[in-house]
Amino acid sequence: MARFVCIQDFENSAMNNLAPVVRDYYKSGAGEENTLRWNKEAFKQIRIRPRVLRDVSKRDIGTKVLKQNVSMPLGVSPTAMQRMAHPDGECATARATQAAKTVFILSTISTSSIEEVAKAAPEAIKWFQLYVYFDRNVTLNLIRRAEKADFKALVLTVDTPMFGDRRRDIKNKFTLPNHLRLANFEGFLSRKINSTTKGSGLSEYVTNLFDDSLNWQVIKWLKSVTNLPIVLKGVLTSEDALLGVKYGADAIMVSNHGARQIDGTPATIEVLPEIVQAVGKKVEVYLDGGVTQGTDVFKALALGAKMVFFGRPILWGLACGGEKGARTVLELMRREIDLAFALTGCSNVNQVTKDMVKHKSYYSHL
């Protein structure tokens, strides 16, 4: 890892380290994977307008999300089953994120439990990503455990009445390796994903478990059973962002689930401006999807994101070196973000403004 200078170096190495089935699960998107490609390509269509002769000798890239201070405007998105990348899995990621003093979001379908993660990283800023099951008692139990373990927010994933058309998983007949389990559950719910009869074990897992009848009332239900802030993850339209505000969400995460749900949706960075404009200052707006460079974080901040998250790069770090790999990825991104601030004339997040970026079409008259 000493020779790695960017996220792509970690990804290239991880592709060689991971078993093909695991590699495809982590890397792939839905359908023809157009949105997966667009998530990255859309960032390349945005041009940075740096300001010069500004004193940037004292820089602070820290920010505040849900009233908590973080050391940089980049956190870790929920990614499932991290022990497939490294035996320490989510515990290693949580420790790395704790060291980085930023936000770690634990997936419902993790291979390390809520309690294991809390013990591994007691000082980390931990949020819990939540799927709502038909059996509300299952969901309520997860919430109570997250509260007890001092998680600071619930990240309700709203784009998943079922899992998308993930063709590589179907071809590979993806299942969770038998030595692993979904650690937040016991018995059937922890092992259902270890086998498949039709195609993807993940798709079979959600059948008869995830509640595909959910509507906006689920936010009211959540607010009636917990005092934790509710972040809506998976919002791609201003209409739904406004409904989220109406029903009581505390924050909106602009996300297309890593391009793993329905192919053909826009890149998240393309959607971000309309959602920021719609909700104004009513709630915080975050973004994930396609983030691999410090300049990506800068562009998202300029377009109105309060915080940016990424998932796959952490998996590549885990696959290359466990906790050390994840920490190296986070610190690499910290350096890139700080460099982007310095070279654009920004000393803090408040100085990153929307006039500092333009779509490439702005320059088409040249």
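Modeller: Happy to. In helix 3 (residues 34-44), the buried residues are N34, T35, L36, N39, A42 and F43. Keep in mind that this is a predicted model.

Biologist: Let's look at helix 13 and helix 14, then. At roughly what angle do their axes cross?
Modeller: They cross at roughly 60°, and the axes come within 7 Å. That angle makes helix 13 oblique to helix 14. The crossing is right-handed.

Biologist: Which residues make that contact?
Modeller: Helix 13 brings G294, T295, V297, F298 and L301, while helix 14 brings M333, E336, I337, A340, F341 and T344. Sorted by class, the contact of helix 13 with helix 14 has seven nonpolar, three polar and one charged residues.

Biologist: And how do helix 4 and helix 14 pack?
Modeller: Helix 4 (residues 89-100) packs with helix 14 (residues 312-344) at an angle of about 15°, and their axes are 10 Å apart. The two helices are therefore roughly parallel to each other. Helix 4 passes helix 14 in a right-handed crossing.

Biologist: Which residues meet there?
Modeller: From helix 4 you have G89, A92, T93, R95, A96, T97, A99 and A100. They meet I314, L318, G322, E323, A326, R327, L330, E331 and R334 in helix 14. By class, this contact has eight nonpolar, four polar and five charged residues.

Biologist: Switching to charges: how many salt bridges are there?
Modeller: The count comes to 18 salt bridges. One of them joins the side chains of E11 and K27, at 2.5 Å from N to O. E11 sits in helix 1 (residues 7-17) and K27 in helix 2 (residues 20-27), 16 residues apart, and the pair links distant parts of the chain.

Biologist: Is E11 buried or exposed?
Modeller: E11 has a relative accessible area of 7%, so it is buried. K27 is at 28% relative accessibility and therefore counts as partly exposed.

Biologist: What about D24 and R168, how do their side chains meet?
Modeller: In a salt bridge, 3.5 Å from N to O. D24 is buried at a relative accessible area of 11%, whereas R168 is partly exposed at 27%.

Biologist: Which residues are linked with D24 and R168 in a network of salt bridges?
Modeller: R23 and E33 join D24 and R168 in that network.

Biologist: Where do D211 and R136 sit?
Modeller: D211 is in the loop between helix 9 (201-206) and helix 10 (217-225), and R136 is in helix 6 (residues 136-148), 75 residues apart. Their side chains meet in a salt bridge with an N to O distance of 2.8 Å. D211 counts as buried, at 5% relative accessibility, and R136 is partly exposed, with a relative accessible area of 28%.

Biologist: Now backbone angles. What is phi of K67 near?
Modeller: It is near 70°, a positive value in a residue other than glycine. Most residues other than glycine have a negative phi. K67 is found in the loop between strand 2 (63-65) and strand 3 (68-70), and K67 is exposed, with a relative accessible area of 78%.

Biologist: And where does H257 lie?
Modeller: H257 is in the loop between strand 9 (251-254) and helix 12. Phi of H257 is positive as well, near 60°. At 12% relative accessibility, H257 counts as buried.

Biologist: Great, thanks for the tour!

Definitions and conventions:
Residues are numbered from 1 along each chain as its sequence is written. This is a predicted model: local features need pLDDT of at least 70, side-chain atom pairs count only at pLDDT 80 or more; totals for chains, interfaces and linings use all residues. Side-chain values use heavy atoms; hydrogens and water are left out. Axes are lines fitted to C-alpha atoms, for helices over the stretch in contact, and angles run from 0 to 180 degrees between N-to-C directions. Helices (H or I, at least four residues) and strands (E, at least two) are DSSP runs, numbered from the N terminus. Angles under 35 degrees count as roughly parallel, over 145 as roughly antiparallel, 65 to 115 as roughly perpendicular and the rest as oblique. A crossing is left-handed if the near helix is turned anticlockwise from the far one by less than a right angle, and right-handed if clockwise. Contact means heavy atoms within 4.5 Å. Ala, Val, Leu, Ile, Met, Phe, Trp, Tyr, Cys and Pro count as nonpolar, Asp, Glu, Lys and Arg as charged, and the others, Gly among them, as polar. A salt bridge is a side-chain nitrogen of Lys or Arg within 4 Å of a carboxyl oxygen of Asp or Glu. Buried means under 20% relative accessible area, exposed over 50%, partly exposed in between (1.4 Å probe, protein chains only).
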